[in-house]
Amino acid sequence: MSKGITSRAEDYSQWYNDLVIKADLAENSAVRGCMVIKPYGYAIWERMQAILDKRFKETGHSNAYFPLFIPKSFFSKEAAHVEGFATECAVVTHYRLKNDGTGKIVVDEDAKLEEELIVRPTSETIIWNTYRGWIESYRDLPILVNQWANVVRWEMRTRLFLRTAEFLWQEGHTAHATKEEAIEETERMLDVYAEFAENILAVPVIRGRKTENERFAGALDTYCIEALMQDGKALQAGTSHFLGQNFAKAFDVKFTSKEGKLEHVWATSWGVSTRLMGALIMAHSDDQGLVLPPKLAPIQVVIVPIFKTEEEKAQIDVFVDQLTNELKIKNISVKYDDRDTQRPGFKFAEWELKGVPVRVAVGARDMQNGTVELARRDTQTKETVAQEGLAGNIEQLLHEIQENIYQKALNFRASHFTEVNSYDEFKEVLEGKGGFISCHWDGTTETEKRVKEETKATIRCIPLDVKEEQGVCIFTGKPSNRRVLFAKAY
RNA sequence: CGGGGUGUAGCGUAGCCCGGUAUCGCGCCACAUUUGGGAUGUGGAGGUCGUAGGUUCGAAUCCUGCCACCCCGACCA
């Protein structure tokens, strides 16, 4: 029997599913395409929420909440938006059930809604409908609001964390007096996401803009961060949209400027979802389970006592108590796993599966020698160290682990980032090691679509730091003045 | 929504072709011995075989419908 995770060489999808399930993060629910996020998985999401929320507040945003249901008519007000989301909406048509007389519960046809309600796939429409009443003057701007919510997108195919029918996310919706200010906001929030991904999740990302084809429905410009998974596929980890005046026009949101002119408001929206969990899992995990970066881990240090007698246990308890206090002063979260129902080896394996960065094992032998066994999850190495100064050592080690996990992912990406200058080369890399492929493209949606049809690769983004460079499109040979990034994506 | 596959105990499965109410492993419970890398022994509990019909004396097994899940595609945060 395999005690770890299915080898990823066999089937990456299976590996990922095993990992999610065995690490006790989530499972499929009884509802089509939905998932149950289990306590340990949710604890990780809560960490993400807490850290992001703090950043949102620091950048001047406030949280609010808007309804789950959106009248159907709201959707049709922005043409591109409705077209983008129409095929994946859950629709509420009735508001009551009844007993049909035979004891069967059926939908009461008399309780048909005058206007159907859409379960939000995203909230631009209902929020802009609300903003109309909030905005009259330039003095009312900007409005910088975020909401933490669930949304529903009736996807054809689902996958735990990566693409579930219902998912948790945050969506920021801001309103500005000028175009420049809105663009600045769009870029600012992209930076917030990128910094979060890199500094907290330890997942290096590429900041870029989407092509017209990949743009958010209703946006003038979509910025994104793109991460690379260990199987060489890319994952869009967050987006920030410059919506121009599209929604203001659709919902008639105008303000009087300083100059006394009536103008439409400029908008942005930006979001990250529980998909970040998927990114985290696929970017760092190994066959022993999850690998959590210390800054994100709900439990940073787990302490496992090894004892035979109650006396030994009592002695270890005293030591652990003191260590725990010292760690807590340093804001390090600790779990003392003193269950007497499991053996140490079992606990080691279990906490590795859950990705806890640092493990301290302490037994009678250590108590005599004044040592502990200190193990790190990222490298799977362990050493015997002195009890003295342990809290400080652990603090240092956590920093090292955070840095090491990031470096490892960064190195992986560097070795899976290839510049190509011909279509043959392009296909060769794509079918071989995968990863990001930097090449010239003629700028047309047609070419983009044909490359996708032939190779499954899509343009992930036009990197923000791209250099102007003369070249020719690898597909059509037409002139191009900058490279874009292609990859197969989740 | 198209193609393929699978539904049997909490999990993983055998049995299905060739009909006679179910196999094995893990897990679970009890006791004992154990405890520095997923313990061992003995005993025990747990199943409307996805679901609804049909055929039959009798269905996990054959037939039909439905549902769910997984994989590939299209779609997508």
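Strand 10 (166-176) and strand 16 (residues 266-273) pair in the antiparallel sense over eight bridges. Strands here are DSSP E runs of at least two residues, helices are H or I runs of at least four, and both are numbered from the N terminus. Two strands pair if DSSP finds at least two bridges between them. Within this pairing, Thr 268 of strand 16 is the bridge partner of Thr 174. The model is predicted; local features need pLDDT of at least 70, side-chain atom pairs count only at pLDDT 80 or more, and totals for chains, interfaces and linings use all residues. Residues are numbered from 1 along each chain as its sequence is written, while chains are lettered from A and ligands numbered from 1 in the order in which they are written.

The mean pLDDT of chain A is 93, and 98% of its residues reach 70 or more. Here pLDDT is the predictor's confidence in each residue, from 0 to 100. The model scores ipTM 0.86 and pTM 0.95.

Strand 16 also pairs with strand 13 (residues 234-244). These two strands run antiparallel and are joined by five bridges. Ser 269 of strand 16 is the bridge partner of His 241. Eight of the eight residues of strand 16 are buried, so the strand is largely enclosed by the rest of the structure. A residue is buried if 20 or more other C-beta atoms, placed from the backbone, lie within 10 Å of its own; it is exposed if 12 or fewer do, and partly exposed in between. In a regular strand the side chains alternate between the two faces of the sheet. In strand 16, Trp 266, Thr 268, Trp 270 and Val 272 point one way. Ala 267, Ser 269, Gly 271 and Ser 273 point the other way.

Strand 13 in turn runs antiparallel to strand 12 (residues 221-228), with eight bridges. Ser 240 of strand 13 is the bridge partner of Tyr 223. These strands belong to an open sheet of 11 strands with mixed pairing, in the order 3-9-10-16-13-12-11-24-27-23-22. Strand 3 (62-63) and strand 22 (417-419) stand at the edges, each with a single partner strand, so one side of each has no neighbour in the sheet.

A further open sheet has three strands in the order 4-8-5, with antiparallel pairing. Its edges are strand 4 (69-71) and strand 5 (91-94). Strand 4 pairs with strand 8 (residues 112-119) over three bridges. Val 119 of strand 8 is the bridge partner of Phe 69.

Helix 2 (residues 39-58) has 20 residues. Its expected span, 1.5 Å times one less than its number of residues, is 28 Å, and its end C-alpha atoms are 28 Å apart, which agrees. Gly 41, Ile 44, Met 48, Leu 52 and Phe 56 are buried in helix 2. Seen down the axis, these buried residues fall within an arc of 110° (taken from the directions from the helix axis to the C-beta atoms), so they line one face of the helix. The face turned away carries exposed residues, including Glu 46, Ala 50 and Lys 54. Just after helix 2, Gly 60 takes a positive phi of about 90°.

Lys 295 lies in the loop between helix 8 (275-284) and strand 17 (301-306). Lys 295 is partly exposed, with 19 other C-beta atoms within 10 Å. Lys 295 and Arg 47 are 248 residues apart in sequence, but 9.0 Å apart in space, C-alpha to C-alpha.

Definitions and conventions. Contact = placed C-beta atoms within 7 Å.
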